[in-house]
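Subject: Structure handover

Hello,

Here is the structure I promised to pass on. Please open it first, then read my notes below.

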Protein chains: 2
Amino acid sequence: MSKVWKLHTVEEAWRELARYLPPASLPAEEAGLDAALGRVTADPVLSPEPLPPFPRSLVDGYAVHAADTHGATEGAPTYVVIAGEVRMGEAPRQALAPGHAMWIPTGGMLPEGADAAVMVEYTRPWDAAEIEVRCSVAAGENVIGRGDDVAPGAELVPVGRALRPADVGALAALGILSVKVRRRPVAAIISTGNEVVAADATPVGGQIRDLNAWSISAAVRQAGGEPLRLGIVSDVLEPLAAALRDAVARADLVCVSGGSSVGPEDLVPQAIASLGEPGILTRGLNIRPGKPTIIAVAQGKPIFGLPGHPVSGLMVFGLIVESTIRRMLGLPPARPCVVKAVLDRDLGSSAGRSDYVRVRLEEREGRLRAVPVLGKSAMISTLVSADGILHIPPQVEVLRAGEEVEVELMTEA
Amino acid sequence: MSKVWKLHTVEEAWRELARYLPPASLPAEEAGLDAALGRVTADPVLSPEPLPPFPRSLVDGYAVHAADTHGATEGAPTYVVIAGEVRMGEAPRQALAPGHAMWIPTGGMLPEGADAAVMVEYTRPWDAAEIEVRCSVAAGENVIGRGDDVAPGAELVPVGRALRPADVGALAALGILSVKVRRRPVAAIISTGNEVVAADATPVGGQIRDLNAWSISAAVRQAGGEPLRLGIVSDVLEPLAAALRDAVARADLVCVSGGSSVGPEDLVPQAIASLGEPGILTRGLNIRPGKPTIIAVAQGKPIFGLPGHPVSGLMVFGLIVESTIRRMLGLPPARPCVVKAVLDRDLGSSAGRSDYVRVRLEEREGRLRAVPVLGKSAMISTLVSADGILHIPPQVEVLRAGEEVEVELMTEA
């Protein structure tokens, strides 16, 4: 029953775990465009055709031969003959002869021969047959050529891209209505503890409801995975080991919460160790909250023993499990979304340990202030009332009130 | 056919629009916990019971009367009589008499009479009946009292909260499996243009596929809304006005893309103006890209004439439409997620105009560099290859290579 583990930094633990996690390991599946937002491309998407499929005007005005406009100014316009108009959505009926101009709306197809467009503001009607052109345009000016946006065969969207609205639009522009994406990793979620009852049960005696299954489910979704809640297992070795075997068989990764602290029987580590090689990689992180964490791999699948305290569990999820899900999808660890704020009170920390402090953000006198939320990591309310997390790295022992700090925002998406 | 509009800043346009948008205007509906992530609470959620429902130990060790430990040190321990153990998930069988200690695991229910817990590390077995206590604990130490996390009747989750994993967990902890949230605003999406064909069609002649309907749909989802694609309407006033009337009747807001520039017939503004009072509030924003934007309100619903160029349309969406959706949900404008980077090349801008420059982020020599993506706003590829947006405010005319700039990240979620 030794309490002394060699604590690891999150970076060490991640490096060790990542050795066992080939990136982008999940199989591909098709997603329709309406379901594609946020999904991760499994292949580069190449453009089957040029975009735009024809040269287009970017302005309302006249399609011209650029050479015809050379030297034109407001004081010394040149004159070109009106040769009809381009209608939206139709190919021009004839090519444009030198010395001629064709009315063209924004987005209209450039007639053959034309190589530029003059904005209507720089033209003036002269007579029924001719217009004045009062500025010079270069070849290619105010137009976009066939394939200038995307050439045929060019990479439209890269592999490993979590699709954003612009990417979805680009796919639609090329008529690609379904895209190969990585299947969402399925994360099995098991809660342990003889005291834990389902969230829809009425606890009696010393019982409490299973909070972690729900907070971790939501965190899995947020990270791009699919939660698979496998319920509550009591603190008995064989049922727990059986539940874990089932979880490993059915899911891509496993989160088991509670029991990773040093209880009298160390059940969760024993059960995890029974799953096979390489087994437990890391036991104990030098962070607060979140120290009693287990990271293991068995049958090629990562298994996380998350602390039972709800705040600690979510913290460790954000530090390690999220990156695991992203790696399986082929994404790098998330770039944290941070804001700068002025710390509201002194904060101490132990040297050699990373502290993650919940803070509320308050706008006061035009400055954003980071107000630490006090309370134990067993108290979910401390996280509910927080807007973000302030990291105190191992080498820092105190942060002073008034210092500017970076706060990582907690988001819903 | 005047090209001269009084251009407005985004802030002016937003202030004007917001006057017509009561916050949190959407009706409430119930969402189950599995669908609650990211949804916005329509009421404060009050706790029906205390959390935890009983006083719990936060450590593995012994439940004690704190007074019995006073003065105890490693050199001068005190002795208490072992009075059995607390079992997880069960109420202790008896109260704890002074001078006694009961073994208690983390999360165990404190016996009546006990007011603190001593960590097992600070105890030692003495004989079969007694243990040594080698440190002093204060009343309340290493325990959490009944209702200390959330008192009964206290606000568990505030109104207007976009639910995060911790919030979902807090609801589960109190047995609240369904929560009142604002209905997602339905955003009708109409594309205009005789040249536009559906994304699943094969364009011929001067036709192009409808990209905007898909990029805007995805942006609506990202902002928390529900897209309702109403298809493509040709550039004819009455069908367009009819489509807009239908959209206003069916949706909470309307996005019509294309045609807001000054074409020969100004159809979109005319059609929008036909919808009723107060009508068009803003026509033209002092931004690039995104200038030819129309913002209107009719029948109490916001209507956006978005530029037809895909990059411009998404930019205006992010500057105004997203905040509109969030306001209807009861959320403030999104806090932008920014990173600092070193600008890679000089960037010029016109005084009095806000420029939004697409940039790629590249890690070079340990520093993040912001590399502007060049290309016209008609080119969706410029947005696909960008990682973020650099805002050059109206009073800035040039940003120099080497300057530190803030880049707002484009995200998928």
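Chain A holds 7 helices and 28 strands. Please keep in mind that this is a predicted model.

Overall shape first. The C-alpha trace of chain A spans about 100 × 50 × 40 Å along its principal axes. Its radius of gyration is 31 Å, whereas a compact globule of 413 residues would have one near 22 Å. Buried residues make up 52% of the 413 residues in chain A. Among contacts with a separation of 6 or more, 71% join residues 24 or more positions apart.

How do domains 1 and 4 of chain A meet? In chain A, 12 residues of domain 1 are in contact with 11 residues of domain 4. On the domain 1 side, strand 19 (287-288) and helix 6 (310-329) of chain A each give two or more residues. Helix 6 of chain A provides the largest share, 5 residues. By class, this domain 1 side has 8 nonpolar, 3 polar and 1 charged residues.

Next, the contact between chains. In total, 79 residues of chain A are in contact with 79 residues of chain B. Several elements of chain A give two or more residues to its side: helix 2 (165-173), strand 15 (208-209), helix 3 (212-223), helix 6 and helix 7 (381-384). Helix 2 of chain A gives the largest share, with 8 residues. The chain A side divides into 42 nonpolar, 20 polar and 17 charged residues.

Which of its residues are buried? They are Leu240(A), Ala243(A), Leu244(A), Ala247(A) and Val248(A). Seen down the axis of helix 4 of chain A, these fall within an arc of 135°, so they line one face of the helix. That buried set packs against two groups of elements in chain A. The strands are strand 13 (186-192), strand 16 (226-233), strand 17 (253-257), strand 20 (294-298) and strand 21 (301-306). The helix is helix 5 (267-273). The face turned away from the buried side carries the exposed residues Glu238(A), Ala249(A) and Arg250(A).

Thr41(A) sits in the loop between strand 1 (28-32) and strand 2 (45-46) of chain A. Is Thr41(A) buried or exposed? Thr41(A) counts as buried because it has 26 C-beta neighbours inside 10 Å, and the cut-off for buried is 20 or more. Leaving aside residues up to four places away in sequence, Thr41(A) touches Val157(A), Pro158(A), Val159(A), Gly160(A), Arg161(A), Leu163(A), Val179(A), Lys180(A) and Val181(A). Arg221(A) lies 180 residues from Thr41(A) along the chain, and their C-alpha atoms are separated by 18 Å.

Best wishes

Key
Residues numbered from 1 in each chain as written. Chains lettered and ligands numbered in written order. Predicted model: local features only at pLDDT ≥ 70, side-chain atom pairs only at ≥ 80, totals over all residues. Contact = placed C-beta atoms within 7 Å. Helix = DSSP H or I, 4+ residues; strand = E, 2+ residues; numbered from the N terminus. Nonpolar A, V, L, I, M, F, W, Y, C, P; charged D, E, K, R; others polar. Buried ≥ 20, exposed ≤ 12 C-beta atoms within 10 Å, placed from the backbone. Arc of directions from axis to C-beta. Rg over C-alpha atoms; globule rule 2.2 N^0.38 Å.
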